[in-house]
Amino acid sequence: MKKGWLLGLVLLLFLISGAPAGAAPPAAVEVSVPDYEVTTVGDTDYVTIPGGEALLAEEGRPRVPYYVKTVDYPKGYRVQDVVLKEWSGAVTTTGLRLPVVVLSPNPPSPVKMKEGWYPEKDYTWQVLENPDGSTTLVIALYPFYYDPGTTGVVFYKNYKLSVNYTLSTVDITGLALDKSVCRPGEKIAVDLRLKNAGGAQDVTVSLAIKEYGADEAVAGLPLRVFKGLAGEASFSAEWSSQGTAPGYYYLEAALTDGAGNVLDRERAGFAIQAVEGGKELAEGAAEFYIGQKQYRVGGTVYAIDVAPYIKGGRTFLPVRYVGYACGVKEADIAWDAKTKTVQLRKGNVALTLRLGSRLLEVTDPLGNTRRVQMDVAPEIAAGRTMLPVRWVAEQLGYRAAWEAQTQTVRIEAGL
């Protein structure tokens with residue numbers, strides 16, 4: 001009887017704490033990388049990993065493959081760090097002639113491959129926030145190393161990583177900006193609401209302004225500390241865009257505890273609109289360049305987090321920028337980690353795409369849904385969801401034109 005009473009008390013305290021029920025998510029991740037494959041075209045060897053991607057991050061480097069592993073974490077669990085503990089199963093060889101990465105649309109001369117082993121890193125990781133409060137850990141493994149000087153290759157098959165996470169009862173329940181577009185120098189008002197469903201604790205709120213693509217803070221607001229937070233709280237702040245260049249940005253709100261652990265994170269996007277002669281510049285068409293982490297709208301160049309690439313004869317762009325180019329707002333782009341689907345909504349039209357599926361669902365203003373058969377499927381690259389731009393653009397009333405000579409895709413209104 002005594003043991004049953006104690007068990008009931010523990011269960012009651014667990015429920016009161018607001019912690020998520022169910023088994024704890026994995027604290028360790030093991031990955032077995034598929035064997036790489038080589039396709040030879042002329043005197044060039046193209047190396048791929050089944051289910052993997054090509055690393056196209058730096059011009060002048062060899063085109064090597066990498067592998068992505070994703071792990072979903074329920075709401076309340078926050079990944080703090082990922083550490084590579086062990087990698088094994090090394091396979092070595094020589095004699096491969098890999099192509100060089102070229103990012104410039106029209107390089108002045110043939111790009112020479114840089115010396116030394118590449119990549120220079122073993123792995124990277126990031127956490128993607130999902131609309132339902134859960135998160136997806138994206139681990140990019142770099143198992144294929146190449147030295148152009150010796151044509152040497154080292155390939156690792158097995159990886160073991162540890163994941164350090166915390167269980168948080170503190171959530172951001174609301175983050176809003178008073179405008180989604182402002183002129184240079186205007187102020188933006190920020191409204192933030194948070195809630196602690198567990199025991200009282202100190203919570204620090206940091207607000208940073210970051211540029212899309214670069215993901216580095218260009219400005220910040222003073223820290224706000226809530227001592228002994230229990231229940232709900234809110235506050236307002238104001239940020240001046242004075243001195244910040246026109247472009248696409250987002251405000252990132254992060255909650256941390258006394259030990260510096262991240263409790264929750266949320267972001268809200270906005271744009272600083274260029275002004276010329278007292279008139280707003282026309283948006284015009286959006287131009288994206290294969291292999292380049294930048295794009296142009298009118299006379300303004302913006303950063304992009306993953307460079308466009310061509311696969312299966314189709315151009316792929318990160319979902320966020322496909323949306324921007326077709327007039328879709330940040331708040332109308334949603335990712336569901338459980339179903340691996342992304343939805344873009346513009347007015348009363350909604351597009352739904354699923355990773356690995358060539359079916360595009362289009363819901364019209366009357367609520368009718370039809371399916372469009374695409375010739376390629378959305379996929380993950382460098383931790384970002386990539387969409388075949390032409391299929392998406394056309395369903396939203398835009399036209400995607402391809403210029404082969406300059407390796408440019410141009411998106412503009414009107415079919």
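Which residue is the bridge partner of leucine 353 in S29? The answer is leucine 360, and the sections below put that pairing in its setting.

## What you're looking at

This is a predicted model, where local features need pLDDT of at least 70, side-chain atom pairs count only at pLDDT 80 or more, and totals for chains, interfaces and linings use all residues. Residues are numbered from 1 along each chain as its sequence is written, and side-chain values use heavy atoms, with hydrogens and water left out.

Let's start with the whole chain. Its secondary structure comes to three helices and 34 strands; both are DSSP runs numbered from the N terminus, helices being H or I with at least four residues and strands E with at least two. Of the 415 residues in the chain, 43% are buried. Here buried means under 20% relative accessible area, exposed means over 50%, and partly exposed is in between (1.4 Å probe, protein chains only).

The accessible surface of the chain is about 20,600 Å², and carbon and sulfur atoms hold 51% of that. Those areas come from the Shrake-Rupley method with a 1.4 Å probe, and for residues only the protein chains shown count as cover. As for contacts (heavy atoms within 4.5 Å), residues 24 or more positions apart account for 62% of those with a separation of 6 or more.

Strands of a sheet pair through backbone hydrogen bonds, either parallel or antiparallel. In this open sheet, five strands run in the order S26-S27-S28-S29-S30, with antiparallel pairing. Strand S26 (333–336) and strand S30 (369–373) are at the edges with a single partner strand each, so one side of each has no neighbour in the sheet. From one strand to the next, the twist averages 20 degrees; the axes behind such angles are lines fitted to C-alpha atoms (for helices, over the stretch in contact), and angles run from 0 to 180 degrees between N-to-C directions.

Strand S28 (residues 349–354) and strand S29 (residues 359–363) pair in the antiparallel sense over four bridges. For two strands to pair, DSSP has to find at least two bridges between them. In the loop between S26 and strand S27 (341–346) you'll find lysine 340. Its phi is near 55 degrees, a positive value in a residue other than glycine, and lysine 340 counts as partly exposed at 25% relative accessibility.

## The four-strand sheet

Another open sheet has four strands, in the order S24-S25-S32-S31, and again the pairing is antiparallel. Its edges are strand S24 (309–311) and strand S31 (379–381); each has a single partner strand, so one side of each is left without a neighbour in the sheet. Ignoring direction, neighbouring strands of this sheet are turned by 45 degrees against each other on average.

Strand S25 (residues 314–318) and strand S32 (residues 384–388) pair over three bridges, in the antiparallel sense. Proline 318 has methionine 386 as its bridge partner in S32.

## Aromatic rings

A pair of aromatic rings is described by the distance of the centres and the angle of the planes. Rings of Phe, Tyr and Trp (its six-membered ring) pair if their centres lie within 6.5 Å; planes under 30 degrees apart count as stacked, over 60 as edge-to-face and the rest as tilted. That rule gives 13 aromatic pairs. One of them is the tilted pair of tyrosine 66 and tyrosine 142, at 5.6 Å centre to centre and 35 degrees between the planes. Tyrosine 66 is in strand S5 (residues 64–73), while tyrosine 142 is in the loop between strand S9 (135–141) and strand S10 (144–147), 76 residues apart. Tyrosine 66 is buried at 4% relative accessibility, and tyrosine 142 is buried at 5%.

Phenylalanine 144 and phenylalanine 155 are tilted too, with centres 6.5 Å apart and planes at 55 degrees. Phe288, Tyr295, Tyr321 and Tyr324 form one aromatic cluster.

Two arginines also sit over rings. By the rule used here, NZ of Lys or CZ of Arg must be within 6 Å of the ring centre and within 35 degrees of the ring normal. Arginine 267 lies over the face of tyrosine 250, 3.9 Å from the ring centre, and arginine 390 lies over tryptophan 391 at 4.6 Å.

## A cis bond

Finally, check out the peptide bond from tyrosine 118 to proline 119: it's cis, with omega near 0 degrees. Proline 119 is in the loop between strand S7 (91–93) and strand S8 (123–129).
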